[in-house]
Amino acid sequence: MATNTQHSPSTSVSLELQRDVEQFLYEEARLLDTWEFRAWLKLLAPDLHYWAPVRENRLYRERKKEQAEPGTSAYFDDTYDEIVQRVERLYTHMAWAEEPPSRTRHLVTNIQVRPTDDPDELAVDSAFYLHRTRTERDADWIVGGRQDVIRRTAPGSEHPFQIARRTIIFDMSTLLIKNLSSFY
């Protein structure tokens with residue numbers, strides 16, 4: 001399964017398409033922050049691959065090996081159906097990690113949109129900052145980058161795009177948070 005979405009920086013898209021993708025990602029962040037997870041699921045493609053590989057600290061000469069390979073250690077390696085299960089579990093109020101629920105703020109920035117070989121798909125790189133608070137004293141911050149493949153939907157669809165693949169690269173090699181119940 002290909003996960004590398006990097007393309008030549010000289011390849012660009014129209015300003016209108018750039019803006020549309022940015023607005024799509026901002027809407028995604030809003031849905032996550034307002035706990036509208038079932039609505040968020042509509043932004044995900046049925047063939048979704050949602051992956052966050054483990055990252056190790058490596059010497060400079062070994063930096064290309066700092067990210068775990070597909071099929072090895074990962075914080076997430078989920079399909080659409082597995083994401084649906086995680087979302088539905090949140091609605092049972094039996095997910096102890098989210099009872100009481102976290103308050104989150106997703107900030108998405110440095111969005112770069114590039115065409116791919118498939119005219120219906122776009123490669124989108126972005127940076128994120130997630131601030132999460134829970135109860136009176138728990139506060140976490142998670143920073144990283146995302147490599148997405150975003151697919152255009154059929155004309156007249158509820159949303160103009162769906163996320164087909166997401167690779168989440170956390171900036172920390174050791175996550176100092178109590179759980180990974182948030183979506184990124």
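Q: Which residue forms a salt bridge with R30?
A: This is a predicted model. A salt bridge needs a side-chain nitrogen of Lys or Arg within 4 Å of a carboxyl oxygen of Asp or Glu. For R30, the closest N and O atoms of the pair are 3.1 Å apart. The partner is E36.

Q: Are R30 and E36 buried, partly exposed or exposed?
A: Buried means under 20% relative accessible area, and exposed means over 50%. R30 has 39%. E36 has 30%. Both values fall in between, so R30 is partly exposed and E36 is partly exposed.

Q: How many salt bridges does the protein have by this rule?
A: The pair R30 and E36 forms a salt bridge. D78 and R86 form a salt bridge too, with their closest N and O atoms 3.2 Å apart. By the rule, the count comes to 18.

Q: How many residues apart in sequence are the parts that D33 and R105 tie together?
A: D33 forms a salt bridge with R105, and the closest N and O atoms are 3.7 Å apart. D33 lies in helix α1 and R105 in strand β3, so the pair ties together parts whose separation in sequence is 72 residues.

Q: Is D33 buried or exposed?
A: The cut-off for buried is under 20% relative accessible area. D33 has 15%. That value is under the cut-off, so D33 is buried.

Q: Which residues are linked in a network of salt bridges?
A: Some salt bridges are described here as pairs, including D78 with R86. Others join up into a network. Its members are E28, R146, D148 and R166.

Q: What is the radius of gyration of the protein?
A: The protein has 184 residues. A compact globule with that number of residues would have a radius near 16 Å. The protein agrees with this, at 17 Å.

Q: What share of the contacts with a separation of 6 or more comes from residues 24 or more positions apart?
A: Contact means heavy atoms within 4.5 Å. The contacts considered have a separation of 6 or more. Residues 24 or more positions apart account for 65%.

Q: How far apart are the centres of the positive and negative side chains?
A: The protein has 24 positive side chains. It has 30 negative ones. The centres of the two sets lie apart by 5 Å.

Q: Is H93 buried or exposed?
A: H93 lies in the loop between α3 and β3. Its phi is near 60 degrees, a positive value in a residue other than glycine. Its relative accessibility is 54%. Exposed means over 50%, so H93 counts as exposed.

Q: Where is W35?
A: Phi of W35 is near 60 degrees, a positive value in a residue other than glycine. W35 is partly exposed, at 23% relative accessible area. Its place is in the loop between α1 (15-33) and α2 (37-41).

Q: Is W40 buried or exposed?
A: W40 lies in helix α2. Not counting residues up to four places away in sequence, W40 touches E28, L31, L32, I83, V87 and F183. Its relative accessible area is 0%, so W40 is buried.

Q: How far apart in space are R152 and P119, C-alpha to C-alpha?
A: R152 lies in strand β5 (residues 138-152). Leaving aside neighbours within four places in sequence, its contacts include P119, D120 and L122. R152 and P119 are 33 residues apart in sequence. In space, C-alpha to C-alpha, the distance is 8.8 Å.

Conventions:
Residues numbered from 1 in each chain as written. Predicted model: local features only at pLDDT ≥ 70, side-chain atom pairs only at ≥ 80, totals over all residues. Heavy atoms only, no water. Rg over C-alpha atoms; globule rule 2.2 N^0.38 Å. Lys, Arg positive; Asp, Glu negative; His and termini not counted. Charge placed at Lys NZ, Arg CZ, Asp CG, Glu CD. Helix = DSSP H or I, 4+ residues; strand = E, 2+ residues; numbered from the N terminus. Buried < 20%, exposed > 50% of the residue type's maximum accessible area, 1.4 Å probe, protein only.
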